[in-house]
Amino acid sequence: MTNIDLLHTYRKKRCLIIDDFPSMRTSVRRMLTQFGAQQVDTAATGEEAVNKCAVNSYDLILSDFNMGEAKTGQQILEELRHLNTLKNTALFVMITAETTRIKVIGTIEHEPDGYIAKPFTQKVLQKRLDKILIKKESLFPINQAIDDQEYEKALELCNTEIESGKKFKAWCKRTKSKILFQMERYDEGEQLLTDLLSERELDWALLELGKVYFKQERYREADEKFTYLIKKNENYLASYDWLAKSQEEQGNLKKSQEIIEEALAILPNSVLRHKKLGTLCQKNNDHQGAKKAYRQVIKHSTNSIHEKPDNYYTLARSLTLSVNANPDSRESKKDAEEAMKIIEKVNKKYPDDKEVVLQSTLMEAYVHRSQNNEELADAKIQKAHKMIKAMDDFSAEGLIPELGIERAKIELARGSVDVAANLLNYISDEHCDNPTIMDEIDTLFSSGALKVSKENTIKINKNGIAFFQDKNFNEAIITFTNALKLSPNHVGLNLNLVQTLLESVKEKEADKTREVEVLCRTHMKRVSHIPPNHRQYARFRMLSKRIDNRYKPTSESHE
Amino acid sequence: MNDRNENTKNHLADNNINEHNIDFATVLASSVHDMKNSITMLMDTVDVFFQNSPPQNEEQEQQFSTLQYYSSRVKNDLIHLLGLYRLQQKNMPVHIEEYVIEDLFDEQIAYSDVMLQTKHINVDVKCDEDATWYMDYDLMSGVINNIIINALKYAQTNLSLSFYQQDGYGCIEIADDGKGYPPAMLNDPQHYKQSVNFNSGSTSLGLYFAAQVANLHRRQDHRGFITLANGGPLGGGVFTIHIP
């Protein structure tokens with residue numbers, strides 16, 4: 001591609017500059033205009049940027065990484081990818097100050113297309129953008145294969161590029177190791193990385209090798225790599241995340257908490273790290289720490305994809321747990337008051353959401369109980385009882401365990417034994433490491449009020465998977481569909497059904513595909529609320545893409 | 001990991017409150033940051049000005065060249081100052097990755113474009129387009145820019161940038177057709193610390209910084225180093241940085 005071609009390309013490109021400094025916005029805007037761009041928009045905050053991206057389809061986005069207290073450029077990129085508002089040909093370039101780049105790399109699966117270090121001149125920006133554009137175009141087939149989860153093909157393309165000794169071989173080596181990791185081919189990954197590292201010590205390869213060791217449950221070796229990387233560069237945040245994960249896996253929860261705290265001292269606005277910290281504090285019975293962490297979650301998730309009712313309930317819950325732990329302390333009254341205020345806030349924020357109103361009512365009962373106001377608590381339970389009667393389905397996914405138990409008790413009282421059993425099974429699966437919760441569930445089960453229904457969701461799901469693996473797709477579809485009648489919003493079940501439908505359609509006649517498409521889309525819609533950190537998120541994205549790829553012509557003609 | 005240096009911003013926030021307790025070094029470091037941003041703005045303005053109002057005569061060409069030379073020099077001085085401060089604080093993280101050499105050359109030539117055009121200097125880039133090497137890109141950019149700007153001051157009509165591999169080292173060579181380095185400098189470029197002479201301007205500090213950056217690049221028992229020579233492909237000074 002010649003320079004003239006590139007200039008021509010910029011002329012047609014719609015650009016967005018994201019920076020909190022007006023002078024920087026003006027300066028970069030002038031630069032882009034100078035080399036041909038005719039449509040250049042600017043945004044001062046992540047929020048503004050996300051809104052603009054919803055309206056306009058940008059070809060080039062230049063975003064500053066560090067915008068003070070507000071969302072980082074990385075968070076903006078994650079949101080845009082999550083909301084699917086970025087075309088896959090769009091370039092996202094991160095502007096970093098020196099030594100901050102390491103804070104970005106390796107921490108998340110979404111990397112920007114390129115980086116440029118501040119300060120720069122127009123000519124240098126242009127050179128860099130040209131290179132990033134060429135790189136993106138050259139590597140498009142590999143990225144496309146990865147997006148479609150055609151990993152074998154992606155590996156093959158990477159190998160060809162590496163063997164040819166072309167300029168993108170470094171990127172391909174790195175990508176190859178990431179694909180092997182994704183495919184859980186850890187032994188091959190280990191081989192590749194140790195070979196590379198015997199030649200030369202590269203930070204990314206050390207991190208990837210540590211991750212492989214972690215997956216192989218070789219924790220001592222994994223920790224050695226992560227610790228070494230942090231010692232080498234204290235800003236390498238990805239190493240903190242993995243070291244904390246490894247320590248947690250080994251049962252060193254205190255240590256794990258400390259590591260996350262250190263990472264947050266370096267970059268204080270990561271919602272997911274604050275969330276992780278909250279969970280760890282809770283497990284460590286550090287109620288003060290948990291309260292602080294969950295307050296930060298609410299603060300930093302405002303106006304982002306991470307903003308959701310659950311954030312409020314986790315804080316209210318941690319406040320109440322703190323009260324329960326020290327009922328006579330001076331702080332306990334204040335904590336209970338704050339919890340009530342938090343519930344008020346979430347009600348105001350989501351006034352039309354029936355689930356929220358119900359959750360809040362249960363939470364109020366829980367807080368009242370912590371204050372020994374049994375009468376008030378019972379009144380709230382009565383209220384919740386009425387609400388549940390009026391609702392047809394609900395989701396147990398991500399439910400706060402104490403509220404789930406309250407709810408199961410109500411379901412029991414109104415005779416919905418199956419629903420209660422499913423709910424309790426689900427909670428016991430998710431919170432098997434929490435002795436208080438497990439004790440309560442055990443008591444309920446052993447009280448005799450609850451006969452464990454043999455065919456609970458988890459079991460049915462397992463049967464369905466067995467059918468799927470035997471390629472008995474029809475049976476699998478029936479099994480998953482039945483299970484979904486009990487737990488309509490179960491993320492895993494919905495995705496299992498969609499995947500089975502997509503597999504089965506290969507063997508059916510073409511005229512049935514429209515029906516399958518509608519079914520797939522219905523079930524995808526039920527789980528579309530899951531955040532990027534959800535265990536099933538990658539799978540959700542993969543399946544969405546598969547549906548889009550397969551049904552593109554049909555769906556467009558129906559619009 | 002426990003004795004981490006707080007970043008500059010935090011230090012300032014803490015220290016400014018108590019005016020009797022200002023940590024001058026960190027204030028200086030933060031001012032240097034600001035100066036670096038400002039001078040880059042200035043350099044960019046010179047670029048744009050040059051593009052929009054090209055020089056009409058030799059005198060104006062000379063003026064443009066001077067503008068770019070001195071602003072680049074200030075910027076490089078600031079980079080050296082900041083770098084050496086970090087080295088002294090033992091807070092100079094080196095992040096080595098594999099980079100395309102041509103990209104490094106192209107960007108650094110772009111930074112010196114005004115001088116190249118006004119002094120009518122021809123740049124010869126000798127490097128395989130697929131050649132890559134392992135380095136800290138930002139640190140190396142600082143070194144290469146400084147050497148190019150300095151070479152441009154002395155070059156008559158030609159400058160050459162080349163990359164080759166030798167005994168397991170990647171070598172970036174910058175040669176000009178000027179009068180070459182003074183004999184005293186050719187002796188021992190690794191030890192410019194002793195010979196930093198505040199009367200002779202910033203040249204030695206730049207080389208000292210280059211030697212330090214080279215030394216931060218390590219592979220097993222090998223350390224990077226710089227060499228200086230006269231003669232070379234164009235008959236002038238030849239600077240080479242060898243990275244293991």
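**Figure 1. The two domains of chain A.** In this predicted model, chain A is assigned domain 1 (3-148) and domain 2 (459-558), with bounds that come from an automatic or database domain assignment. Five residues from domain 1 of chain A and seven residues from domain 2 of chain A make up the contact, where contact means heavy atoms within 4.5 Å. About 620 Å² is buried between domain 1 of chain A and domain 2 of chain A, with 42% of it on carbon and sulfur atoms. Buried area is the accessible area (1.4 Å probe) that two parts lose on being put together, summed over both. Of the area that domain 1 of chain A buries against domain 2 of chain A, A:H82, A:D147 and A:D148 supply 62%, more than any other three residues. Residues are numbered from 1 along each chain as its sequence is written, and chains are lettered from A and ligands numbered from 1 in the order in which they are written. Because the model is predicted, local features need pLDDT of at least 70, side-chain atom pairs count only at pLDDT 80 or more, and totals for chains, interfaces and linings use all residues, while side-chain values use heavy atoms, with hydrogens and water left out.

Figure 2. One salt bridge is counted between domain 1 of chain A and domain 2 of chain A; the term stands for a side-chain nitrogen of Lys or Arg within 4 Å of a carboxyl oxygen of Asp or Glu. A:D147 and A:K545 meet through their side chains in a salt bridge (3.6 Å, N to O). On the side of domain 1 of chain A that touches domain 2 of chain A, the residues are no nonpolar, two polar and three charged. In this division, Ala, Val, Leu, Ile, Met, Phe, Trp, Tyr, Cys and Pro count as nonpolar, Asp, Glu, Lys and Arg as charged, and the others, Gly among them, as polar.

**Figure 3. The interface of chain B and chain A.** Chain B gives 45 residues to the contact and chain A gives 40 residues. The two chains, B and A, bury about 3900 Å² between them, and carbon and sulfur atoms carry 48% of it. Nine salt bridges are counted between chain B and chain A. The side chains of B:E102 and A:K167 form a salt bridge (3.6 Å, N to O).

**Figure 4. The two domains of chain B.** Chain B is assigned domain 1 (8-88) and domain 2 (97-243). In the contact, 19 residues of domain 1 of chain B meet 22 residues of domain 2 of chain B. The buried area between domain 1 of chain B and domain 2 of chain B is about 1900 Å², 65% of it from carbon and sulfur atoms.

**Figure 5. Cysteines.** The structure has zero disulfides over all chains, a disulfide being a pair of cysteine sulfur atoms within 2.5 Å. The closest cysteine sulfur to that of B:C171 is in B:C127, 13 Å away and too far for a bond. B:C171 is buried, at a relative accessible area of 0%. A:C520 is also buried, with a relative accessible area of 0%. Buried means under 20% relative accessible area, exposed over 50%, and partly exposed in between (1.4 Å probe, protein chains only).
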